[in-house]
Amino acid sequence: MTQATRTDTSNAIDPRVFPPTARRGRNCGELKLNGIRATALTEQFGSPLYVVDENAARARAIEVRSALQSEAERIGTSATVYYATKAFLCIEVARWMAEEGLAIDVASGGELAVALAAGVDPARIGFHGNNKSVQEIERAVAAGVGTIILDSEFETERVAQAAARAGIRQRVRLRVNSGVHASTHDFLATSHEDQKFGQPLSEAPRLVRDILRHDNLLFVGLHCHIGSQIFATSGFRESARRLLGAYPELAAITGRPIPELNLGGGFGIAYTSAAADEEPAVADVARELADIVAETASELGVPLPHLAFEPGRSIIGQAGVTLYTVGTTKSVQLAGSNVAADPADLGYAERLYVSVDGGMSDNARPALYGADYQVRIANRVSEAEPALVRVVGKHCESGDIVVQRDELPGDVRPGDTLAVAATGAYCWSLSSNYNYVPRPPVVALRDGEARLIVRGETEDQLLAMSVISETHDTPDTNGATK
Ligand code: LLP
């Protein structure tokens, strides 16, 4: 029994995981987000509910941007910080990011449409994707998108044709793989060779020569994104070193210094209070990256390029909290079962399954990547002994897990509101309608006030997607056919 190693943090609101404004109120210890009671939010907007602390998101955007820009300035260059909208995008969020001085990275025609609808300056948009359609490319070129990131020679041709038709010269970057295998989940690593994105770095000279054949393209530099949810800075350093290593040869090909270098995003965040989940400070990552760029550039004698970065998760992740309502609970004996004891279960003899009103449709990350989250009872604190819990959803799959393993006061019960931390990135954006469960709304909290920024779906909207064939009789609401 490892009882002694347990510490009862089951009511604690960890500011490294929850937004900085989250705290327990004096009245029953209810969780307050940006000064607003969690249950006031679910009463007004429904449950489940995605909540984004706008003050926290804006502050973090400024922190990340300033860290990367001031370090670039320290070594004698400058930097553009793009917000990777795939993490979470709606019109409001695009506006916040643009207002806080970030450029915008989009990866589809849909994301581009949202950024444009938000009034983002097209010149400050970067357009990614390994298989952009010709229509998407044409829309981007016509809109005046600042940079298109070419993923293959097919795209070189397609972007050149679109730019020629529009009568413009389109700025392009080339996405390459530095060959660095980032230490993260396999599905989140993107710069080793055996995956779909980008071209091998060794192919860059040939591909850049190909780009130069087109007068309608302006090659501005290389792009490399090594992966996502990365804690160790060594991968970023090595990737930056390898990319810059190619710059002398590319400069010889283009006949001028390569003006820019985009090192992608991927900075990891803490999802739980576990020591292993300690994220590096963005200032340290920025300093290390700037140092390696400065050292390598000086070793190679290449002029320092303008730097670009594309963080998504590290800006919006911890600003988000999802609120759920508990529907049922059940206890399962672990001790004496035919399953080998897992040390991560902390010696508990039983696991309490806590079913909530959402699940893998609003947070697919545990099912997709085995991601960990932290959960707390939001509507009250409790003195009850902690229990080992698994928070599960309402979908028809046993893998429908929201929180694989955490401790909650053992009296957690139907009707309680639960808060799951750090759900700002890749939760709403990866959400689905599995089992015809409508997507929850998103509410932004700013200066103690809540407002809707993304509407929730309704069953009527989901029903409206079904096409009813003319040749079939339509049942009336009592099931009788007309
Ligand atoms: N730039 C490029 C080219 C990317 O592909 C990505 C993420 C980013 C920037 C932003 O990465 P971030 O800073 O957010 O880590 N669905 C997965 C993450 C997939 C990331 C895809 N690309 C998850 O939920 O963990």
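These legends go with a set of close-up views of a predicted model.

**View 1**
As for where to look, Tyr 369 belongs to helix H12, which covers residues 365-369. Tyr 426, on the other hand, is in a loop, with strand S19 (417-421) on one side and strand S20 (442-446) on the other.

**View 2. Tyr 426 and its contacts.**
Tyr 426 comes out as buried because its relative accessible area is 15%, and the cut-off for buried is under 20%. Setting aside neighbours within four places in sequence, Tyr 426 is in contact with Lys 86, Ala 87, Ser 228, Arg 313 and Arg 365.

**View 3. Ser 10, ahead of strand S1.**
Ser 10 lies in the segment that comes before strand S1 (23-24). With a relative accessible area of 1%, Ser 10 is buried. What surrounds it? Once neighbours within four places in sequence are left out, Ser 10 is in contact with Arg 376, Pro 386, Glu 407, Leu 408 and Pro 409.

**View 4. Helix H8 crossing helix H10.**
The axes of H8 (residues 234-245) and H10 (residues 282-300) come within 9 Å and cross at roughly 30°. Angles under 35 degrees count as roughly parallel, so that is what H8 is to H10. The crossing is right-handed. On the H8 side, the contact is made by Phe 236, Arg 237, Ala 240, Arg 241, Leu 244 and Gly 245. H10 brings Glu 288, Leu 289, Ile 292, Val 293, Thr 296, Ala 297 and Leu 300. Sorted by type, the residues of this contact are eight nonpolar, two polar and three charged.

**View 5. Helix H7 crossing helix H9.**
Here the axes of H7 (residues 204-212) and H9 (residues 247-254) come within 10 Å, with a crossing angle of roughly 25°. That makes H7 roughly parallel to H9, and the crossing is right-handed. From H7, look for Ala 204, Pro 205, Val 208, Arg 209 and Leu 212; they meet Glu 249, Leu 250, Ile 253 and Thr 254 of H9. The tally for this contact is six nonpolar, one polar and two charged residues.

Key
Residues numbered from 1 in each chain as written. Predicted model: local features only at pLDDT ≥ 70, side-chain atom pairs only at ≥ 80, totals over all residues. Heavy atoms only, no water. Helix = DSSP H or I, 4+ residues; strand = E, 2+ residues; numbered from the N terminus. Buried < 20%, exposed > 50% of the residue type's maximum accessible area, 1.4 Å probe, protein only. Contact = heavy atoms within 4.5 Å. Axes fitted to C-alpha atoms, helices over the stretch in contact; angles between N-to-C directions. Parallel < 35°, antiparallel > 145°, perpendicular 65-115°, else oblique. Left-handed = near helix turned anticlockwise from the far one by under 90°. Nonpolar A, V, L, I, M, F, W, Y, C, P; charged D, E, K, R; others polar.
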